[in-house]
Amino acid sequence: MVAMPLVWAVMTSFKDDASIFRSPWSLPDRLHFDNWSRAWTEAHMSDYFLNTVLVVGGSLVGTLVLGSMAAYVLARFDFPGNRFIYYLFIGGMSFPIMLALVPLFYVVNNMGLLNTIHGLILVYIAYSLPFTVFFLTAFFRTLPSSVAEAAFVDGASHTRTFFQIMLPMAKPGLISVGIFNFLGQWNQYMLPTVLNTDPDKRVLTQGLVQLAVSQGYKGDWSGLFAGLVMAMLPVLGAYIVFQRQVVQGLTAGALK
């Protein structure tokens with residue numbers, strides 16, 4: 001049920017428009033690679049792809065660094081307000097982003113970050129931090145505290161202990177939450193639509209919508225399917241490469 005639509009989309013991206021409607025379920029008579037080149041160049045999918053890589057790459061690194069640091073402190077140290085801050089992050093997960101779009105637009109505009117790549121990166125980081133902190137806090141609690149105590153005895157600082165010892169031990173959890181954030185940020189459409197109206201800085205989701213809308217009555221369906229597969233392949237590739245680490249991260253600590 002999951003694989004069939006994906007296979008059909010890939011198969012359709014190599015057909016011409018006539019074959020898509022004449023025999024939608026059959027294999028292509030020949031591979032029309034011109035669909036991909038047309039979508040990549042004429043539909044500017046190359047520009048959208050580059051913008052998406054910059055935005056998602058920057059936001060993913062920022063989310064993992066800031067989220068892991070916050071989660072480590074909340075999981076390993078007791079201080080006044082610990083539970084309040086933790087539940088504040090959890091409350092961010094339940095807040096619908098649609099309710100914040102209008103004030104978020106004015107905040108980003110007043111900061112001079114509207115229609116900018118780095119502005120979109122900061123919004124993505126803020127949007128992804130609650131789930132990241134919630135996930136990694138539970139993961140850091142499963143790690144043995146004896147290793148960190150041994151590092152302190154050897155004279156390591158808190159910063160060195162975190163980055164050189166605890167963070168590598170949390171690699172399965174980082175990969176798991178990184179994959180989830182990558183999926184959400186790569187497929188994000190609402191935030192860039194509101195905060196990124198510059199045609200030269202559109203991301204892939206905006207580019208696919210623009211490709212579908214700009215066709216008018218022409219209907220370049222083969223190019224549209226080629227662009228769809230282009231946007232889909234990086235997500236599938238990332239999960240296929242890291243699927244073992246994702247499972248390890250989700251099940252880590254289950255036997256403790």
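Predicted model: local features only at pLDDT ≥ 70, side-chain atom pairs only at ≥ 80, totals over all residues.
Residues are numbered from 1 along each chain as its sequence is written, and side-chain values use heavy atoms, with hydrogens and water left out.

The protein chain contains 13 helices and zero strands, where helices (H or I, at least four residues) and strands (E, at least two) are DSSP runs numbered from the N terminus. The C-alpha trace spans about 70 × 45 × 30 Å along its principal axes. Of the 256 residues in the chain, 42% are buried; here buried means under 20% relative accessible area, exposed over 50%, and partly exposed in between, with a 1.4 Å probe and protein chains only.

When neighbours within four places in sequence are left aside, Trp36 is in contact with Ser13, Phe14, Ala226, Val229, Met230 and Leu233.

Two packed helices are described by the angle between their axes and the distance between the axes. For α4 and α12, the axes come within 8 Å and cross at roughly 155 degrees, the axes being lines fitted to C-alpha atoms, for helices over the stretch in contact, with angles that run from 0 to 180 degrees between N-to-C directions. This crossing makes α4 roughly antiparallel to α12, since angles under 35 degrees count as roughly parallel, over 145 as roughly antiparallel, 65 to 115 as roughly perpendicular and the rest as oblique. On the α4 side the contact is made by Met45, Tyr48, Phe49 and Thr52, and on the α12 side by Leu204, Gly207, Leu208 and Gln210. These residues divide into five nonpolar, three polar and no charged, under a scheme in which Ala, Val, Leu, Ile, Met, Phe, Trp, Tyr, Cys and Pro count as nonpolar, Asp, Glu, Lys and Arg as charged, and the others, Gly among them, as polar.

Gly227 lies in helix α13 and is buried, with a relative accessible area of 0%. Not counting residues up to four places away in sequence, Gly227 touches Ala39, Met45 and Leu208. The C-alpha atoms of Gly227 and Leu204 are separated by 8.8 Å, although these two residues are 23 residues apart along the chain.

Asn196 lies in the loop between α11 (190–195) and α12 and counts as buried at 2% relative accessibility. The side chain of Asn196 reaches the backbone oxygen of Lys201 at 2.4 Å. Beyond residues up to four places away in sequence, Asn196 touches Asn115, Leu120, Leu191, Lys201, Arg202, Val203 and Gln206.

Thr161 lies in helix α9 (residues 158–169) and counts as buried at 0% relative accessibility. A polar atom of the side chain of Thr161 lies 2.7 Å from the backbone oxygen of Ser157. With residues up to four places away in sequence not counted, Thr161 touches Tyr72, Ala148, Ala151, Phe152, Ala156 and Met166.

Pro130, finally, lies in helix α7 and counts as buried at 11% relative accessibility. Not counting residues up to four places away in sequence, Pro130 touches Phe89, Gly92 and Met93. The C-alpha atoms of Pro130 and Leu233, 103 residues apart along the chain, are separated by 27 Å.

Terms used: Contact = heavy atoms within 4.5 Å. Polar contact = N/O pair within 3.5 Å; in protein donor to acceptor, adjacent residues only side chain to side chain.
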